[in-house]
Amino acid sequence: MDLEGKVALVTGAARGIGRAIAIGLAHAGCDVAVADIAQNQDGITVYPLGSDAELAVTAGQVRKLGRGCTAIQADVTKPADVEQMMQTIEQRLGGLDILVANAGIIMAGPVASMSEAEWDRIFSVNVKGVFLCARAAIPRLVARGGGRIVNVASVAGKTGRAGLAGYCASKAAVISMTQSMAEELGPMKIAVNAICPGYLKTAMFTQVLNPLLARLYHVPEDEVFERFVQRQTFLGRGQTPEDIAEATIYLCRAENVTGIALTVAGGGEVH
Ligand code: NAP
């Protein structure tokens, strides 16, 4: 699909991977709606979430590229927020061609001590959020004659890991939903794919996974990321948000690719 003049929505765009995808799509010619809970706290997630100031920075960077942009505060777990977000996009950007469902959270800890509230919040953001955004986006994409959905899953959705049962299960669900939607929406000219990022130094990794890995491998927290990716990946480095944006843009452009879960992990996961 030629991306020039297309309208894209990126959720979880205040920072990290979502911000890089929004900027990458703008470079590729899209107008971009950037959405985020942008509240810093949701009461359950143990690390600080992004802020409305960070969302405004993303929007500013998209506009600097000369593209249309609207910044929307929306919690993807709330159907009313999601519907309002879609209506705002239609009013301000004229329609929707691409949904990138990127918003996600992580919580770590053994199953035996994980609270029900933590389990529910992970599934609410990572799984229900993807469902609600797709449900609201599909009629809009159909109205434009087709489009693209890219769901941000994870290598954690391909292999379950100790201390991450809720997160891994939620990302496996995203991969499964992607396959179902790809078959369902193919006749409507909507390609649906997942991206499985590997290891990135964004908030969720540095604040949650670094302490977990440091304890597991008896390595200082400030060294564990580099040591982990050296050992874990064929290419010997972690991924950047720009690596994930590049793969997302490929999936948006590709004419005959649907139903896949594209791993971007430098060889850290090869399925
Ligand atoms: P991040 O910097 O924490 O960004 C995640 C974004 O999602 C944040 O901006 C966050 O909001 C937003 N968000 C959280 N709950 C939300 C909600 N209810 N509604 C709307 N937005 C919400 O983490 P990231 O590393 O860029 O993660 C992006 C995606 O990549 C996630 O789906 C994650 O699971 C996946 N991923 C990351 C890695 C990694 O190594 N970092 C690896 C594999 C997959 P706030 O801005 O308010 O925080």
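Here are some questions and answers about this predicted model, starting with its ligand and moving on to its sheet.

Residues are numbered from 1 along each chain as its sequence is written. Local features need pLDDT of at least 70, side-chain atom pairs count only at pLDDT 80 or more, totals for chains, interfaces and linings use all residues, and side-chain values use heavy atoms, with hydrogens and water left out.

Reader: Which residues come nearest to the ligand?
Author: Okay, start with the shell: 31 residues sit around the ligand. To be near, a residue needs a heavy atom within 4 Å of it. Those that come nearest are Asp 36, Gly 50, Asp 75, Tyr 167 and Thr 202.

Reader: How much of the ligand's exposed area does the protein bury?
Author: Look at the backbone first: a N or O atom of Ile 17 lies 2.8 Å from an oxygen atom of the ligand, and for Leu 200 that distance is 2.9 Å. Taken alone, the ligand exposes 880 Å² (Shrake-Rupley method, 1.4 Å probe). Of that area, the protein buries 99%.

Reader: In what order do the seven strands of the sheet stand?
Author: Strands here are DSSP E runs of at least two residues, while helices are H or I runs of at least four, both numbered from the N terminus. Two strands pair if DSSP finds at least two bridges between them. The sheet is open, its pairing is parallel, and the order is S3-S2-S1-S4-S5-S6-S7.

Reader: Why is one side of S3 and of S7 left without a neighbour in the sheet?
Author: Strand S3 (69-73) and strand S7 (261-264) stand at the edges.

Reader: What is the bridge partner of Ala 8 in S2?
Author: Strand S1 (residues 7-11) and strand S2 (residues 31-36) run parallel, joined by five bridges. In S2, Ala 8 has as its partner Val 32.

Reader: What angle does H5 make with S6?
Author: Angles run from 0 to 180 degrees between N-to-C directions, with axes fitted to C-alpha atoms, for helices over the stretch in contact (heavy atoms within 4.5 Å). H5 lies across S5, S6 and S7, and its angle to S6 is about 160°.

Notes:
A polar contact is a pair of N or O atoms within 3.5 Å; within protein, one must be able to donate a hydrogen and the other to accept it, and residues adjacent in sequence count only if both atoms are side-chain atoms.
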